[in-house]
Amino acid sequence: QISKLQNKVASQRQDWQHKVAAQIVSGNSLVATEKLNIKGMTRKAKKGSKGKHQKTGLNRSLLDVGIGNLISLIRYKLDECGGVFVDVPFKIAPSQTCPQCGYKKKKELSQRVHNCDNCNLIADRDVAAAMVMLNYAKGLGTSLSNADAEPLSKNPQPCGGFRKVQQLKRQKPRT
Ligand SMILES: [Zn+2]
């Protein structure tokens, strides 16, 4: 019975990954993601450390959705239709860097707003990180000159942030 359940969970996860990857690729010809250190990211938070609660929650959601596999699928689907995938290296540190002036400052996981000490830019943390990644991707040169071109699909769907993507999973499949 346990193995039956495990199979069911695995196939639900796979189904969800395909759905999300297809949705992201249908609306975007360029996808940039932060190079993820999944092992490090899902490492247990130190006992009694600040932000332990958030860290545990993030670990669970990262493992739960199979983020590594999801990224591979996005990459595969983009390749298939001639889109561009950009792996943003660690040193760019999207969530710690200001997209407007480049000033770097570490944020705790609980800090959801980017508020730059240097240029006073205020933005949602995830939006700011995405802007840093887009800046990096655009700086890569001519192969990305089509980054602002028409989306690949005629009916692109906005895909939103990670939190929204996760919510998709909780919806019952439409029959
Ligand atoms: Zn700044």
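This is a predicted model: local features need pLDDT of at least 70, side-chain atom pairs count only at pLDDT 80 or more; totals for chains, interfaces and linings use all residues.
**Exercise 1. The zinc site**

Find the protein donors of the zinc ion and work out the geometry of the site.

*Solution.* Next, check the angles among the four donor atoms, which run from 106 to 113°. Four donors count as tetrahedral if all angles lie between 85 and 135 degrees, so the site of the zinc ion is tetrahedral. For reference, the ideal angle for four tetrahedral donors is 109.5 degrees.

**Exercise 2. Spacing and surroundings**

Write the donor spacing along the chain, then say what the pair Cys101 and Cys116 ties together.

*Solution.* Reading along the chain, the donors give C-x2-C-x14-C-x2-C. Now place the pair: Cys101 sits in the loop between β2 (84–88) and β3 (113–115), while Cys116 sits in the loop between β3 and β4 (122–124), so the two link parts that are 15 residues apart in sequence.

**Exercise 3. Positive phi**

Take Ala93 and Asn120: where does each lie, and is each buried or exposed?

*Solution.* Ala93 isn't a glycine, yet its phi is positive at about 45°. Ala93 belongs to the loop between β2 and β3, and its relative accessibility of 16% is under the 20% cut-off, so Ala93 is buried. Asn120, also not a glycine, has a positive phi of about 65°. You'll find Asn120 in the loop between β3 and β4; its 58% is over 50%, so Asn120 is exposed.

Methods. Residues are numbered from 1 along each chain as its sequence is written. Side-chain values use heavy atoms; hydrogens and water are left out. Donors are N, O and S atoms within 2.8 Å of the metal (3.2 Å for Na, K and Ca); water is not among the atoms, so sites may look incomplete. Four donors count as tetrahedral if all angles lie between 85 and 135 degrees; four count as square planar and six as octahedral if opposite donors are over 155 degrees apart and all others between 65 and 115; anything else is irregular. Helices (H or I, at least four residues) and strands (E, at least two) are DSSP runs, numbered from the N terminus. Buried means under 20% relative accessible area, exposed over 50%, partly exposed in between (1.4 Å probe, protein chains only).
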